[in-house]
Amino acid sequence: MIYVSELWHFSEQPPAFRVLKPWWDVFTDVLSFIMILIAVFGCTLQVMDDRMYCLPQRSLTCPLTMNHDTAGCSNSSSVSPTESDLERKGVDNNLDLLQYKFIYKICYQTSLHWFAKLFPYMVLMQTIVFIVCSNFWFKFPKSSSKIEHFVSILGKCFESPWTTRALSEVSGEHLEDKEDHNACPGDINLGSTQSVSAQSKVVMDKPAAGGVLDKKECEQAKALFERIKKFRLHVEESNLLYKTYIHQTIMKVLTFIFIIVSNCALVPNIRVIIGCNVDVQDMTGYRFFCCIHNMAGVFVKLSYFYLFIVVIYGTICLHTTYWLFHRSLKEYSFDYVRKETGVNDIPDVRNDFAFLLHMMDQYDQLYSKRFAVFLSEVTEIKLRQLDLNHAWPVEKLRRRLQTNASGRLELQLLMLPGLPDALFELTELQALKMELLNNVTIPATIERLEELKELSLFQCSLRVDTAALPFLKANLKVLRVWFAGAHELPYWLYVLRNLEELHLIGSLRPGASRSITLESLQDLRCLKTLSLKSNVTKIPQTIVDVSSHLQRLYVHNDGTKLVTLNSLKKMVSLSELELVNCDLDFIPHAIFSLVNLQSLDLRENKLASIEEILSFQHLPKFTCLKLWHNSIALIPEHIKKLVNLERLYFSFNKIEVLPVHLFRCSRLLHLDLSHNDISVIPPEIRFLQDLQYLSVAYNKITTVPDKLFLCSKLNTLKLGNNSLSVLPSKISSLALLTCLELKGNHLVALPSELGSCLCLKRCGLRVEYALFETLPLDVRERMTAE
């Protein structure tokens, strides 16, 4: 016995796959089921009662037949009975039951057409071909894996609470978005479109709808966004599903044509009356028989009904073929979703991803609408924002506030997906530092931070809402930007007209021009300080644009030689100049034209000779010279001409001898000679009566001259890492001393006279613990006392 459920089991698919079965596939499945019923019914009849009944042939033609082959009936039997043998009650053929059964079997095998015998099985096989073709793309490993993944994602998207919330929010907003679209809202941003920013602004500013998602639901939604991105990247690379479906549809059309042609030719061979010519005369006395096939009438009706079903099936297949080739199924547009929801950033898709969505639309377009939520950057930003707000409440942000080097109350945000809404409740915030934040938008709500004056961006891809720009123009005083390339500099920095300090830190791409190209800074008329840490070969023209009011310029190179410095002559307002690590061999002559210059820093260059310092005497306001981290071996005699010099840095050089002329700079307050090869401190140091800071650490000094202690205003004296064996007792003359460094010498004991340095505390005395213990007890107690 054949059960329909066993045959139909082959075509069963997971219930979730129904979303990829359009109406024609569902209809053809129903037709396939009817075909299976026809086949099973025919097979059952054939097994139960498919017989032939035969009688000996007595005339030239078999009765009740018009179209059979009469060849077997053309000659009469040699022993045909005469009319006298006939009886009114019937014809006596002198055959027993076994002979009749033998004749039935042999005529069934030799005279019955094969199609009449195999018709139910032919229907069954043809139906199985249809079922295989209809479900091949669900069974083929390469296509079924993609389909299973897609259906899994689709189910989670449909059931996700975030989908309902996102749709409920944007459905009430898209009308307002359309009104705002005419006003062309946009962001001044780095590499992002205006539409995304505008939509992001709308979604973020609206109140939450549909309740608050818990943390677990947010994490699940975020995971869905990532899964869809990866799935889209995978399936958009090929059109395997599209080709597979086309091939199976074409196969069904060809099968349909074959069935119609073959069955129409074979159905007439199913006959009720059949002539049978078998050579069994020796056993039965007859050679010609007339037989009846008892299932022929039923099979004829079944075959025509089957052909009718196949015609309907084939018509649907032809319609499917037309649909496949008439429409562009390799591209899918979410235009109707964008119009309905107002979320304009939902991208169009292509190849297999597009084909899956086209198939899904035939089931229900609601699935595409809910699926589109997870293709939108706007909704993803909103989800990240919601999760961010959960993780960063006001209390947590307030605990992270610190005072920075500028004395401002600063908040540092590191590697966040956005700006938490609670940030804009910190009205006391003065400085905001953001590091490694990508695709972040500064919203209009930043105007709540009335005290904000300083903004630091470390490799951030930042957008500024148009409504937030006026606030930044009016309030921002300090801007620091770390960039990987000049193209990453935010374009909105050039319109911050009240900006006073601008710090640009970054390097150029390998092989690029060795000069940073910036837009003009000439609109920054309040700019006083400009710091550029990069690898430039000349002063960029954009710096020259602000030369008339620029007061402090800091150029820190990475060792790239700075060769063109003539533009410095135009910066007559400069009071501070730093040219650090610029591979300079001499002091640029353009510097001597800066009549307002007060401080010059040339550290980490390759200066070996500084004979040019004589020209500094023409700069009346010049008071600070930093020549540390160079290769200077000799301090020229004419340094004595710099009578206004107050701070001098010669550390990390190769100086061996201190010239007497150095101490003619009688106004020196700060003298740093550490990390050199000095062995003697000349007694002429007594001329520096205003000296407050002296460092000769990391040298080769063996003794300290008593004349040093005539510099009574010294408050910091660093003698560490030398070769001192004795510290003179006259150190007691330094009543203002607060910091004394003696570590790394050969001292055995400290003089008790240190007790006279009343301002010196234990924290300011930097010596080994054992050496500190050599001081008298009362001196130690006084130094350690609060």
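Before anything else, I noted my cut-offs: buried means under 20% relative accessible area, exposed over 50%, and partly exposed in between, with a 1.4 Å probe and protein chains only. This is a predicted model, where local features need pLDDT of at least 70, side-chain atom pairs count only at pLDDT 80 or more, and totals for chains, interfaces and linings use all residues. Residues are numbered from 1 along each chain as its sequence is written, and side-chain values use heavy atoms, with hydrogens and water left out.

**Entry: disulfides**
I searched the whole structure for disulfides (pairs of cysteine sulfur atoms within 2.5 Å) and got 2. Counting bonded cysteines along the chain, I get the pattern 1-4, 2-3.

**Entry: Cys54 and Cys291**
I found Cys54 joined to Cys291, S to S 1.9 Å. This pair links distant parts of the chain, 237 residues apart: Cys54 is in strand E1 (residues 52-56) and Cys291 in strand E4 (residues 288-293). For the labels, helices (H or I, at least four residues) and strands (E, at least two) are DSSP runs, numbered from the N terminus. The S-S torsion is about 110°, so I wrote this disulfide down as right-handed. Cys54 counts as buried at 2% relative accessibility, and Cys291 is buried at 1%.

**Entry: Cys107 and Cys276**
Next I looked at Cys107, which a disulfide joins to Cys276 (S to S 2.0 Å). Cys107 sits in helix H3 (residues 97-110) and Cys276 in strand E3 (residues 273-277), so the pair ties together parts 169 residues apart in sequence. Here the torsion is about -90°, so the disulfide is left-handed. I checked burial too: Cys107 and Cys276 are both buried.
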